[in-house]
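Hi,

Here is the model I promised to pass on. Have a look at it first, and my notes follow below.

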Protein chains: 2
Amino acid sequence: MKTSAPRNALYAQSGGVTAVINASACGVIETALKARRQIGRIYAGRDGIVGALTEDLIDVSAESAATIRALRHTPAGAFGSARFKLKGLDKNRAEYERLIEVFKAHDIGYFFYNGGNDSMDTALKVSQIGAQLGYPVTCIGVPKTVDNDLPHTDCCPGFGSVAKYIAISTLEGALDVASMARTSTKVFVLEVMGRHAGWIAAAGGLAGRKAGEPPHIILFPEIPFQKEAFLARVKQCVTDYGYCVVVVSEGAKYPDGTFLAEAGTKDAFGHTQLGGVGPVVANMVREALGYKYHWAVADYLQRAARHIASKVDVEQAYAVGKAAVEYAVKGMHAVMPAIKRTSSKPYRWKIVPVPLADVANVEKKVPREFITADGFGITPTCRRYLEPLIAGEDYPPYEGGLPKYLRLKGKPVRRRLKTAFKI
Amino acid sequence: MKTSAPRNALYAQSGGVTAVINASACGVIETALKARRQIGRIYAGRDGIVGALTEDLIDVSAESAATIRALRHTPAGAFGSARFKLKGLDKNRAEYERLIEVFKAHDIGYFFYNGGNDSMDTALKVSQIGAQLGYPVTCIGVPKTVDNDLPHTDCCPGFGSVAKYIAISTLEGALDVASMARTSTKVFVLEVMGRHAGWIAAAGGLAGRKAGEPPHIILFPEIPFQKEAFLARVKQCVTDYGYCVVVVSEGAKYPDGTFLAEAGTKDAFGHTQLGGVGPVVANMVREALGYKYHWAVADYLQRAARHIASKVDVEQAYAVGKAAVEYAVKGMHAVMPAIKRTSSKPYRWKIVPVPLADVANVEKKVPREFITADGFGITPTCRRYLEPLIAGEDYPPYEGGLPKYLRLKGKPVRRRLKTAFKI
């Protein structure tokens, strides 16, 4: 194995995509292109790790500088992502060995894996198996998740932009309901993502700055749902303000751990019902209180909303990509560039390395002190944490009324292995 | 009655609000403030016509120029709107008489009613009853509706911004699904507004410019839903492109006229089910084809999305407000300023008066030639019509990461009538 000659790099996206994951790709690629002495060609896995396993690689080095630059303002996964978790080493060693085989065939010495908790675990295992098989690969994790649930980083790239989108959507939707409430809709429910962590729901809380301003109720996965208390609060809001705005996390649960959404999927007769937690909550309000309601489910729109991305988020996404390559060429290994906040007002942050072993498979939830005593709102501490993350706008270029997003074809790298791999 | 002295003006918002209805208010108010010789004080009905009937008026003349200017970039109804249709003259003459009584008490000689079809009808009736009761009021309709279903105007203020939001959301959501489709979600369904007219659904079609680009299927209210043909098309898309993006109008119907959404509200046992047409369609796909799906319901978010309003739409909304006052002071009566397109490429338009009698209670649907032969897409003619309407961005000012929208308290006008009016 050559040690002094440049070796190639592989970049792969993993899990649910975000509005700024391509900005991280941009940071990785632009920085790697400058590291000519250490890094040769830059490849990307088509559809993430699946492309790596099946030797379906894209030659990123073949793209123009303008194309690489356009990644910065393009949402979703430009190279394709995958929901594909490598099993434990004991359960499926073949997958790891195959990866190393592909790496060897293409002289890949650097692996940048852009994902969430699971992916940090995978990156760690790849680095371990590479060492065991006598093919050392520099593995660096690049953090990404709209859920903001990675530990050891102040926030996760992707989250700030969803937070901004949800805060703005809550603000706008609330103005709509407020203007119609006297004769029409009184309760508006917005369902947001976040799985088991209520960070995105908390961001909805940024829409209201003064007491009584919407959203009036936030339902967090961290706070067991109390139906009676919730309905009483809805009623109180309609009485006091004329209307009520509710932001509900898809992960909201009853005290017994059942998801509210799950409860809505079957009725007493076992019939499948439609809809997520948004309509479930709205229907609950209608049945108990009879108010006219509307509900929205932002779904993918929230995590793909590059048109209203947070400037801070775009910068951080780029910065972790850039730092990943800088760490790699410095000889660092099995780390993830994390965001460290050094000041909230004014907001200051820097990038620091964190061992992958510390990040893998840990989930960071919204701490209790970020949620008001009644469980329905965010505290000033939470607001202080969240506000800097949605700061600034970073508008994409437009053409004919629509954002000019990159649609990357991607030049395939010629296959070198004779064996196919079935995923 | 004084004829040469200035008389006061009343402005009222009606029906579902939009991202730019306040831009029309801004046009009305700024223009009226300049018409000092004809127009005295400018009032707004709090919650639209309900405020007029209950003598709950806001003194807009008391607001600062900066506040009036901020209306232009603030979504929803700053003065409040109402879903309150005045009954026919024969059925409820008392309401019209009450209106005239309030007008008389406040020397209101100009009535600007900002709404859709129903409101144009109301404005017309008010002008007729005023004349009958010997209290002539200059009634001008100001068009507004996200549904774009008013006749005799090329488009309706409010529509362009929803169209832009839905086109962008479709584009962004589609990029998300495309990047995940190999191992995850294959079908994404976006439910949009529009009632019986498919204009907003058609706007989703702008997201794709080339053959095969999403959205792959649009379900219009104008085209009776054929389940088998729809499912076959979904399957074909997943086979050909790896995924399928569907935009469905809330008004999509079966050939017998039943709404798809309605069909989903009760099961065979009469149990209420949750959700709109989006989840109904997504569930249909899952049951028949088994694909993993996601669905989004934009609901109020789409019509309140001032953060990504169409510049053309904002300009037209302001222009119809301005023209309404210009018509009024010129002595025109019972008309609505309409938008007339004089050229599509380059896009040119002007404002022309249309008699309220021609507009009232007529609904303009998407013509058949705007929809492809298979019923699932938009034609080049439709694209030519829609594209100019989403052109340009008109970003609101931001503060701390959020748009700085106006929250108008509104100085109440002192009541002059002794009688209350119960709505």
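Two packed helices are described by the angle between their axes and the distance between the axes. Helices (H or I, at least four residues) and strands (E, at least two) are DSSP runs, numbered from the N terminus.

Keep in mind that this is a predicted model, in which local features need pLDDT of at least 70 and side-chain atom pairs count only at pLDDT 80 or more, while totals for chains, interfaces and linings use all residues. Residues are numbered from 1 along each chain as its sequence is written, and chains are lettered from A and ligands numbered from 1 in the order in which they are written.

Now the helix pairs in chain B. Helix H4 (residues 93-105) of chain B packs on helix H5 (residues 117-132) of chain B at an angle of about 75 degrees, and their axes are 10 Å apart. H4(B) and H5(B) are therefore roughly perpendicular to each other (angles under 35 degrees count as roughly parallel, over 145 as roughly antiparallel, 65 to 115 as roughly perpendicular and the rest as oblique). From H4(B), Tyr96(B), Leu99(B) and Ile100(B) make the contact, and H5(B) brings Lys125(B), Val126(B), Ile129(B) and Gly130(B). Contact here means that the C-beta atoms of two residues, placed from the backbone, lie within 7 Å. By class, five of these residues are nonpolar, one is polar and one is charged. For the classes, Ala, Val, Leu, Ile, Met, Phe, Trp, Tyr, Cys and Pro count as nonpolar, Asp, Glu, Lys and Arg as charged, and the others, Gly among them, as polar.

The other pair is helix H8 (residues 227-241) of chain B with H10(B), at an angle of about 75 degrees and with axes 11 Å apart. That makes H8(B) roughly perpendicular to H10(B). Leu231(B), Val234(B) and Lys235(B) in H8(B) meet Val285(B), Ala288(B) and Leu289(B) in H10(B). This contact has five nonpolar residues, no polar ones and one charged.

How are the two copies related? A rotation of 180 degrees with 0.0 Å of shift along its axis superposes chain B on chain A, with an RMSD of 0.0 Å (by least squares on the C-alpha atoms of residues with pLDDT of at least 70 in both). That is the relation of a two-fold axis. Both copies use the same surface, as 100% of the contact residues of chain B recur in chain A.

On to chain A, which has 14 helices and 13 strands. Its radius of gyration is 23 Å, close to the 22 Å that the globule rule gives for 423 residues, so chain A is as compact as a globular protein of that length (the radius is taken over C-alpha atoms, and the rule is 2.2 Å times the number of residues to the power 0.38). Its C-alpha atoms fill a box of roughly 75 × 50 × 40 Å along the principal axes.

Lastly, some backbone details. Lys345(A) and Pro346(A) are joined by a cis peptide bond, with omega about 0 degrees, and Pro346(A) sits in the loop between strand E10 (335-343) and strand E11 (348-355) of chain A. Glu55(A) is not a glycine, yet has a positive phi of about 60 degrees.

Cheers

Conventions: Axes fitted to C-alpha atoms, helices over the stretch in contact; angles between N-to-C directions.
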